[in-house]
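Work through the following exercises with the sequence and the model open side by side, and try each task before reading its solution.

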Amino acid sequence: MKNLKYMEILQKNKSFRDALSAAQVSVAVFSNITVHYISDILEYALRSNNVNVQVVLGDYDNILQDSEKYKHINHIVVFWEAANFIEGLQYKIELMSASDINSLLDKVKAELDFIFLTLTNKSLVVFNRFYSRVFTHNHLRRGNFDMICQELNAYLEKKAPRNFQLVDLDNVFIKCPIDNAIDFRYFYSSKALYTINFFKIYVEYIKPLLLSMLGRSKKAIIFDCDNTLWHGVLGEDGINGIEMIADTKKGVIYEEIQHYALALNRQGVLIGLCSKNNFQDVEEVFSNHPGMKIKNEHISVKKVNWQDKVTNLIEIAKELNIGMDSLVFIDDSDFEINLVRQQLPEVTVLQVPKVQGEYPGVFRDNMSLFYIGTSQSEEDLCRTKLYKDEEARSVHRNKFNNLEDYLRSLGLQIKIFFNKKEEISRISQLAQKTNQFNLTTKRYSEIDIANYMDDEKIDVISLSAKDRFGEYGIVGVCIVKLNNKCANIDTLLMSCRVIGRNIEFAFFNIIMAFLSKKGFDRVKSKYIKTQKNEQVKKLYDRLGFNVESYSDSEISYCRNINDFVPFYLDYIEVNDGKKT
């Protein structure tokens, strides 16, 4: 986006707006300065990632009131500039008395407390740390303006709720220097401090926070091998001629790349191979080369053959059971990169630079594509093993002629949990990332899930599963809102890892038994259509629900609880999570 002119962004943003049909998401921007340029830039950045977003600008210098006015919007960005606490503070403060400065600090802290209170239940609040260096970066001595920003930032660190993501603007100014980011002419005439160039870099910086919250983070990084994971061509240089260790001038680049990849893998990102090579030659490198940091145990899928890479990437997405838009593909070849870009535009493609020393920087700049929040679940730490377990199941499946015999052989066990706070992180991840088996595709943050668990009129039911091959982890979530004698299923989703095992029917048996025990006689539900959840369009029909209303994008259902007959699934053992 940084190379696009503002008029180009406006035109492309309009085209995306007209093309997108998914449910609309709102993001509000509150500020005490003029920030009108951010609206189209932020919309374009998110719409180009298939998010149908509308950016709403709050009233000028009305942050406290806006936090109440826009309480229906769950994603907030806040520009609160210290220079505009009062008119001309950046120069007046150096002559203010200590008493006046303390009074100002007390006032701003009280306003921050109000914001913390009113926005604490939002899914995400992106809040810029207070910044003085726009006005003081040439000063040799720290002044009062620097010191109040420092004190207020310390207050932010101590008091801000968990849903606040504090943004350090230094990280933006590194890529957009102050002389290019600020135009004081417009600040003094209309309080418009930041330039278009600043907003383009700023939006790119915060975009991963919003995409993660909206379920758009990338899930897998797929590497070519030659001149991508190591320097050299294996088929020509042999195993002893390729380099990927820091002891060599060229190898040091690839050792760094492998370390970054492993860091992502530790966060739950899947690693795969898509390389034109002899399979056994590559296996020997991963098994025997002393410089390889990435091992077979870290790799979830391999396509090492002489087939075209477009076909291989399609097969990789299918085997991992994730969308093409969840893949990031890295290769050094102009031909391969352009082929994938042309034929698989959903795949994010990164090309190894011709100047090798630039490669780690390109990789670092794109690691935010995989941002999945600050918390890690148990599933993140063992995600590669989960996929290897699934590979073993696939081999086992080939031994059976029919599905039921295969399912009986698995020894399936599920455990049910109600409002289990230890699983908030994983439940939120499922809500943000699950697309295929997700009836409403509502995206919920950890804060949202915690608030639901604390609400007496809402229950969050989660499900874990295991079989003879290993643990699946938490794979199912149902959020039920309770109202008089009628319950409403707000969310029903399951991980793609357990699709096809009939676990959803065992889960629904538990949900209906739970609601019956609570005295409810009816349950309502919805199917909201997305580009990826067509496979569950008829699920509620199969569960015995009656259609109440129907449109191309949404179906509303209702069914009686009292006449529900549980599905007979004697090959799935059900356990109460509280008793084990």
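**Exercise 1: a helix crossing**

The crossing of helix 2 and helix 11 is right-handed, a crossing being called right-handed if the near helix is turned clockwise from the far one by less than a right angle, and left-handed if anticlockwise. This is a predicted model, in which local features need pLDDT of at least 70 and side-chain atom pairs count only at pLDDT 80 or more, while totals for chains, interfaces and linings use all residues. Residues are numbered from 1 along each chain as its sequence is written, and side-chain values use heavy atoms, with hydrogens and water left out.

Task: describe how the axes of helix 2 and helix 11 are placed, and which residues meet.

Solution. Begin with the elements, which are DSSP runs numbered from the N terminus (helices: H or I, at least four residues; strands: E, at least two). The axes of helix 2 (residues 38-47) and helix 11 (residues 196-213) come within 9 Å and cross at roughly 45°, where axes are lines fitted to C-alpha atoms, for helices over the stretch in contact, and angles run from 0 to 180 degrees between N-to-C directions. That makes helix 2 oblique to helix 11 (under 35 degrees counts as roughly parallel, over 145 as roughly antiparallel, 65 to 115 as roughly perpendicular, and the rest as oblique). Next, list the contacts (heavy atoms within 4.5 Å): Ile 38, Ile 41, Leu 42, Ala 45 and Leu 46 in helix 2 meet residues of helix 11 that include Phe 199, Tyr 202 and Val 203.

**Exercise 2: strand 6**

Task: find which way the residues of strand 6 point, and which strands are joined to strand 6.

Solution. From strand 6 (residues 220-223), Ala 220 and Ile 222 point one way and Ile 221 and Phe 223 the other way, and all are buried (under 20% relative accessible area; exposed is over 50%, partly exposed in between, with a 1.4 Å probe and protein chains only). Four bridges join strand 6 to strand 7 (residues 270-276), and the two run parallel; here Phe 223 stands opposite Leu 273. Strand 9 (residues 327-331) is likewise joined to strand 6 by four bridges and runs parallel, with Ala 220 opposite Leu 327.

Definitions and conventions:
Two strands pair if DSSP finds at least two bridges between them.
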